[in-house]
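Hi,

Here is the structure I promised to send over.

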Amino acid sequence: MSNAKVLPLLEPDVVAACCPPLNERPMSAEEAEVAAKMFKALGDPVRLRLFSAVASHEGGEACVCDISDVGVSQPTVSHHLKKLKEAGLLSSERRGTWVYYRVEPSVLAAMGALLAGAAKTA
């Protein structure tokens with residue numbers, strides 16, 4: 001007799017777009033808070049470099065050991081990665097002693113949609 005259980009499949013997390021395109025309608029206060037948090041996190045050059053390093057890394061995820069060469073100390077890299085994660089731009093997973101980061105495709109799509117509408121009318 002087997003103790004195996006069939007576990008249900010989980011749907012991947014889908015992050016809803018944070019905000020409407022800028023030219024669609026005025027943002028609510030809550031939408032503006034979410035968008036500002038994301039853009040503020042990317043407003044630091046080191047964070048932007050880290051975000052880009054993760055986003056462009058082969059396989060769509062990067063070990064912290066592969067992206068730490070951005071001209072600051074390792075504790076500072078960890079601080080910036082934490083800020084990107086808190087802003088909802090990155091997710092992470094610990095594997096042994098290393099942490100792997102990935103940019104959620106839905107986040108990139110939401111940020112792109114926010115700016116794309118405004119770019120079409122410019």
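**What I found**

The protein has 4 helices and 3 strands, where helices (H or I, at least four residues) and strands (E, at least two) are DSSP runs numbered from the N terminus. Along the sequence they come in the order α-α-β-α-β-β-α. Bear in mind that this is a predicted model, in which local features need pLDDT of at least 70 and side-chain atom pairs count only at pLDDT 80 or more, while totals for chains, interfaces and linings use all residues. Residues are numbered from 1 along each chain as its sequence is written, and side-chain values use heavy atoms, with hydrogens and water left out.

**Overall numbers**

Of the 122 residues, 28% are buried; buried means under 20% relative accessible area, exposed means over 50%, and partly exposed is in between (1.4 Å probe, protein chains only). The accessible surface comes to about 8,200 Å², and 59% of that belongs to carbon and sulfur atoms. Those areas come from the Shrake-Rupley method with a 1.4 Å probe, and for residues only the protein chains shown count as cover. Taking contacts (heavy atoms within 4.5 Å) with a separation of 6 or more, 57% are between residues 24 or more positions apart.

**The core**

Nonpolar side chains tend to be buried together in soluble globular proteins. Here, the largest nonpolar core has 22 residues, and L50, L81, L84, L89 and L90 touch the most other members. (A nonpolar core is a set of buried Ala, Val, Leu, Ile, Met, Phe, Trp, Tyr and Cys residues joined through side-chain atoms within 4.5 Å.) The elements giving two or more residues to this core are α1 (29–42), α2 (45–56), α3, β3 and α4 (105–121), and α2 gives the most, with 4 residues.

**Salt bridges**

The whole structure has 7 salt bridges, each being a side-chain nitrogen of Lys or Arg within 4 Å of a carboxyl oxygen of Asp or Glu. One of them pairs R102 with E61 at 3.3 Å, N to O. That pair links distant parts of the chain, with R102 in strand β3 (residues 98–103) and E61 in strand β1 (residues 61–63), 41 residues apart. R102 is partly exposed at 22% relative accessibility. E93 and R95 also meet in a salt bridge, again with a distance of 3.3 Å, N to O. Through shared partners, salt bridges join E61, E93, R95 and R102 into one network.

K83 and E86 make another salt bridge, with their closest N and O atoms 3.8 Å apart. Both lie in helix α3 (residues 74–86), 3 residues apart, which is about one turn of the helix. K83 is partly exposed at 33% relative accessibility, and E86 is partly exposed at 40%.

**On the surface**

Which residues form a nonpolar patch on the surface? They are L22, F39 and L115, with about 260 Å² of accessible area together. Patches are made of residues with over 30% relative accessible area and no salt bridge, like charges being joined within 9 Å and nonpolar side chains (Val, Leu, Ile, Met, Phe, Trp, Tyr) within 5 Å. L22 lies in the segment before α1 and is partly exposed, at 46% relative accessible area.

Cheers
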